[in-house]
Structures are given as C-alpha cells and as structure tokens.
Amino acid sequence: MRQGITDNHHSESTGNTTALNSVQKAAIELGINLEALPSHIAIIMDGNGRWAKKRGFARLLGHREGYKTLRSILLAASELGVKYLTVYAFSAENWRRPEDEVAGLMKLIETAARDELRAMHQNNVRVCVAGRKEQIPLGLRKALEHGIETTKDNTGITFTLAVNYGGRAEIVDAVKSLITENVPAEQITEDLISQHLYNPNHPEPDLMIRTAGEMRWSNFLIWQSAYCELFVTEVPWPEFSSKQLLEAVSTFQQRTRKFGAVVE
Ligand code: IPE
Ligand code: IPE
Ligand code: MG
C-alpha cells in the first residue's frame, strides 16, 4: 500500500521516481497516511508580536521571523503533498494596529512576494490572494498580481495569501456581486454564495491551524470553515516547524468528521 502512495504522489509531481522525500518519510514515521492528507490546510499565523516581546525585540522582528517560518512551511506542505495552503498574513482588522507596524508589515509582505516568486515558480507553486484588493498599497498589490499571473498555470500546491482579508467582508462582497448580477432571492443557495467568494474554485479547508494558543477564528474563512477541523498549538508562529505541521496532520487523521450525521 505504501508503494502505491509513493507512486501516486510522484506520478503527479515528478513522474518517474518512487523515492519518498524527507517530509513524507517523517510523516510515515508518525503514522500519517499519505493517502488521507487534508487537501486544504489554513493557518492563522499568530504570535509574532509575543515571540519578539519575550526576547526584547521590536514586533516587526517577530514578523520577519514569521516570514522565514512561512517559507519553510510552504515547502514542507508542498513536499508532504498538500494541495492547498491558505495563510492569514494581514486581516481586515489589522489596520487598527500602530501605523509603523502596518507599514512595516506591508513592506515585508511586498518584499517577500517579490523575493520568493522565482523559487515558488520553480517549485510549481500556484499563488493566489484572498482579500479586498482595493485597499492594499499599490506596490504590494502589483507584486501580488505579478505573482498570480506568473504562476497561474502551475500545477503544484496552491498557495493563497490572505491579505486585507476579513471573512465577513468576503461574505458582504459575495452578496454584493449576487445583487449586481440580479440573482433573484429564490435562486440563492449555499453553493451559489460559495461560488461568489474570493477563490470559488478552491475546496474548503479541512484543517485549520492556529499558532500561539488563542482559541478563536479572528474572522478567518468563517464561511468556508463551517466543518473544518481545528488544531491550536501554543507554539508561536516564529517557532512553528514542519514537526508541528505533521503533528497537526496526525491529529487531524485521528478525528472523526461527521458533518452533522451519525457516524458509527
Ligand atoms: C500575527 O502575529 C501576525 C499578524 C497579525 C500580522 P501577531 O502580530 O498578532 O502576534 P501577537 O498576537 O501580538 O503575539
Ligand atoms: C489574526 O491574528 C490575523 C493574522 C494572523 C494575520 P490577530 O492577532 O490579528 O487576531 P486577534 O486580534 O488576536 O483576534
Ligand atoms: Mg495576534
């Protein structure tokens, strides 16, 4: 059976090798079934500020460390064989933070988007964005649009950066587009609302990870996560590693998803 998994994974990615990569080997050692991975993992990358404060650093330094974590987690998720990774980089509510932190974060995300594009493209990553684009500073918006355009035909992991993202705002925007299209009230269904969200072709997340211990959604993917499994770790985002990613996946595989039904 393990051989079958290997063949499957690699016939999609490289087409000719049957060797497992190091992340897959570590996963198997933890008892993870590579055939039953969550297709879509969403992450609330929290705790950068607290991580920095604890060390006497400026908050922005925590965000820089968080960027390094993201780079390695994207690679790990991709190597593991996860199809969709969506991360919360800046919420619609994060504008409430001090001006210098907001400016620093925008700059950091822009630099990251530019610096990582080549590597992501080489790794067959497809980049997407979720959030209200109009309020994103022009430089960052352009960098994101360039990333989306460059990688749109890639067939590896779909990596979605949630920037200026709010779950309620996303639902409001979906309702607005339904009204603009003159859809009659009796035709409104859950599926139709889903089809009007920012990335209608992405599957809903199966697993949502939150770092740094808070037990809340903070307005992230609130429509899509109705039945997604939650995994909260005390580890702050700058310290999160592929080890914790695998722990989350392993926990996910031990859960029984019921979707409201009775499951024996
Ligand atoms: C998450 O870390 C990153 C963003 C919200 C941009 P925080 O900055 O929220 O870190 P804490 O919660 O203050 O520790
Ligand atoms: C959620 O974290 C937003 C991001 C991780 C980008 P916050 O730190 O903003 O959430 P709250 O304020 O603790 O709810
Ligand atoms: Mg926080």
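First, the ground rules. This is a predicted model, where local features need pLDDT of at least 70, side-chain atom pairs count only at pLDDT 80 or more, and totals for chains, interfaces and linings use all residues. Residues are numbered from 1 along each chain as its sequence is written, chains are lettered from A and ligands numbered from 1 in the order in which they are written, and side-chain values use heavy atoms, with hydrogens and water left out.

Start with ligand 1. Which residues are around ligand 1? Met 45, Asp 46, Gly 47, Asn 48, Gly 49, Arg 50, Arg 59, His 63, Ala 89, Asn 94, Arg 97 and Leu 105. To count as near, a residue needs a heavy atom within 4 Å. By class, that shell is 3 nonpolar, 5 polar and 4 charged. Here Ala, Val, Leu, Ile, Met, Phe, Trp, Tyr, Cys and Pro are nonpolar, Asp, Glu, Lys and Arg are charged, and the others, Gly among them, are polar.

Now the polar contacts, meaning N or O pairs within 3.5 Å. A side-chain polar atom of Arg 50 sits 2.7 Å from an oxygen of ligand 1. For the side chain of Arg 59, the distance to a ligand 1 oxygen is 2.8 Å. Gly 47 uses a backbone N or O atom, 3.3 Å from an oxygen of ligand 1. Alone, ligand 1 exposes 380 Å², and the protein buries 88% of that. Those areas are Shrake-Rupley, with a 1.4 Å probe. Helix 3 (48-54) and helix 4 (59-80) each give two or more residues to this shell. Helix 3 has the largest share, 3 residues. Helices are DSSP runs of H or I, at least four residues; strands are E, at least two.

On to ligand 2. Its surroundings include Ile 44, Tyr 88, Phe 90, Arg 216 and Ser 218. The shell splits into 5 nonpolar, 2 polar and 4 charged residues. Strand 2 (residues 84-91) gives the most, 3 residues. Ligand 2 oxygens lie 2.9 Å from a side-chain N or O of Asn 94, 3.2 Å from one of Asp 46 and 3.4 Å from one of Arg 210.

Last, the rings. There are 8 aromatic pairs, with ring centres within 6.5 Å. One is Tyr 165 with Tyr 198: 6.1 Å between centres, 80° between planes, edge-to-face (over 60 degrees). Tyr 165 is in strand 4 (residues 158-165), while Tyr 198 is in the loop between helix 8 (190-194) and strand 5 (207-210). That pair links distant parts of the chain, 33 residues apart.

Key: Polar contact = N/O pair within 3.5 Å; in protein donor to acceptor, adjacent residues only side chain to side chain. Phe/Tyr/Trp six-rings, centres within 6.5 Å; stacked < 30°, edge-to-face > 60°.
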